[in-house]
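User: I'd like to learn how to read a structure like this one. Could you walk me through it, feature by feature?

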Amino acid sequence: MHSKEHISHDEYQKTADWLMSQTKHRPQVAIICGSGLGMLADTLKCQDSFAYSDIPGFPQSTVQGHAGRLVFGELKGKTCVCMQGRFHMYEGHSLCKTTFPIRVFKLLGVETLIVTNAAGSLADGFQTGDIMIIKDHINFPGLVGLNPLCGPNDEKFGPRFPAMSGCYDKGLRCLAMEIAKELGVASVLQEGVYAMVGGPNFETIAEARLLHRLGVDAVGMSTAPEVVVATHCGLRVFGLSLITNKVVKSYEDTESVNHEGVLEIGRLRSHTVQQLVTELIDRMEINNNDNINKSI
Ligand SMILES: O=P(O)(O)O[C@@H]1C[C@H](O)[C@@H](CO)O1
């Protein structure tokens, strides 16, 4: 894995310029679809869609349940771009490549990033099928130096030492709670701390117990690097974890998790996740799309 790879400003710009030459959409909101949640893109109107393999500079998706398509379109009067498939560190991508689309989105004029993922729960009160608003994260790879911001800092995107407190926007979290109540789905909505581990194996029981003791509510293998890069370049972030399984914490428990089960819960809960995201986009305030290349 080339974790120290550096991507120049020009390379991000080239991809952004190519996309702007291929579509008239100028997105304000970007959505990253987690495992089994690719249907979020289906609701976009007037779609322009690009296979990752056709986009200059884009990495390729290799994981089942991640289609590998970038979809532009309109949703509730806002222009959106949706990643049907994300890149994970465990696929062998460098962290710069994993987060490559985020900086491209910034150059396209995006101001809000919505991240979604599938995650296993550690919190005792959570059930499979619950939807967790991400309040904060623990970036385990980041804590030991596997951070997409390592290497030369590109001041055009953000500062050398960015703050990460408050990286999940409080206003959007409150709005999502209100929306869940109005939609009658508040009983499946939770709020908590997401932890990223490297994967691709699921946790041992001892690891699960450690995460539980540390106050982790849900664990997954993505999202944190994307949010770090988004926060660095000034994007507003909202995140949802779909709880696809309870992480096994007991040696007496005979259940075990697998990726097919994760995708199945995604399918079962897709409608609710879609409703929440659609209403949130409808009701979030956005500045007019005049920030393309602003401060960059
Ligand atoms: O892309 P996300 O974080 O939703 O994917 C999760 C973590 C692993 O990639 C996979 C495990 O089933 O789902």
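This is a predicted model: local features need pLDDT of at least 70, side-chain atom pairs count only at pLDDT 80 or more; totals for chains, interfaces and linings use all residues.

User: Is Phe87 buried or exposed, and how do I tell?

Analyst: The idea is to count neighbours: a residue with 20 or more other C-beta atoms within 10 Å of its own is called buried. Phe87 has 29 other C-beta atoms within 10 Å, so Phe87 is buried. Setting aside residues up to four places away in sequence, Phe87 touches Pro59, Ser61, His93, Lys97 and Thr98.

User: Where is Arg86, and which residues does Arg86 contact?

Analyst: Arg86 is also a loop residue, placed between strand 4 (78–84) and helix 2 (95–98). Arg86 counts as buried because 26 C-beta neighbours fall inside 10 Å. Beyond its neighbours within four places in sequence, Arg86 is in contact with Ile32, His66 and Ser222.

User: Which residues does UniProt list with Arg86 and Phe87 under "binding site"?

Analyst: The unreviewed UniProt entry gives that annotation to Ser35, His66, Arg86, Phe87, His88, Ala118 and Ser222. They span 188 residues in sequence, yet no two of their C-alpha atoms are more than 13.7 Å apart, so they gather at one spot.

User: Which other residues does UniProt list for "binding site"?

Analyst: The record, again from an unreviewed entry, lists Glu203 and Asn245.

User: Where do I find Glu203, and what does Glu203 touch?

Analyst: Look in the loop between strand 7 (189–196) and helix 6 (205–213) for Glu203. Glu203 counts as partly exposed, because there are 19 C-beta neighbours inside 10 Å. Leaving out residues up to four places away in sequence, Glu203 touches Val197, Ala208, Leu211, Val219 and Val247.

User: And where is Asn245?

Analyst: Asn245 belongs to strand 9, residues 236–246. With 19 other C-beta atoms within 10 Å, Asn245 is partly exposed. Its contacts, not counting residues up to four places away in sequence, are Gly120, Thr128, Val257, Gly261 and Val262.

User: Let's move on to helices. What describes two packed helices?

Analyst: Two things: the angle between their axes and the distance between the axes. Here, helix 5 (residues 170–183) packs with helix 8 (residues 259–283) at an angle of about 120°, and their axes are 10 Å apart. That makes helix 5 oblique to helix 8. The crossing of helix 5 past helix 8 is right-handed.

User: Which residues make the contact?

Analyst: Helix 5 brings Leu172, Leu175, Ala176, Ile179, Ala180 and Leu183, while helix 8 brings Gln275, Leu276, Glu279, Leu280 and Arg283. Sorted by type, the residues of this contact are eight nonpolar, one polar and two charged.

Methods
Residues are numbered from 1 along each chain as its sequence is written. UniProt positions are given in the numbering used here, feature names are shortened, and annotations may be inferred rather than shown by experiment. Helices (H or I, at least four residues) and strands (E, at least two) are DSSP runs, numbered from the N terminus. A residue is buried if 20 or more other C-beta atoms lie within 10 Å of its own, exposed if 12 or fewer, and partly exposed in between; C-beta atoms are placed from the backbone. Two residues are in contact if their C-beta atoms, placed from the backbone, lie within 7 Å. Axes are lines fitted to C-alpha atoms, for helices over the stretch in contact, and angles run from 0 to 180 degrees between N-to-C directions. Angles under 35 degrees count as roughly parallel, over 145 as roughly antiparallel, 65 to 115 as roughly perpendicular and the rest as oblique. A crossing is left-handed if the near helix is turned anticlockwise from the far one by less than a right angle, and right-handed if clockwise. Ala, Val, Leu, Ile, Met, Phe, Trp, Tyr, Cys and Pro count as nonpolar, Asp, Glu, Lys and Arg as charged, and the others, Gly among them, as polar.
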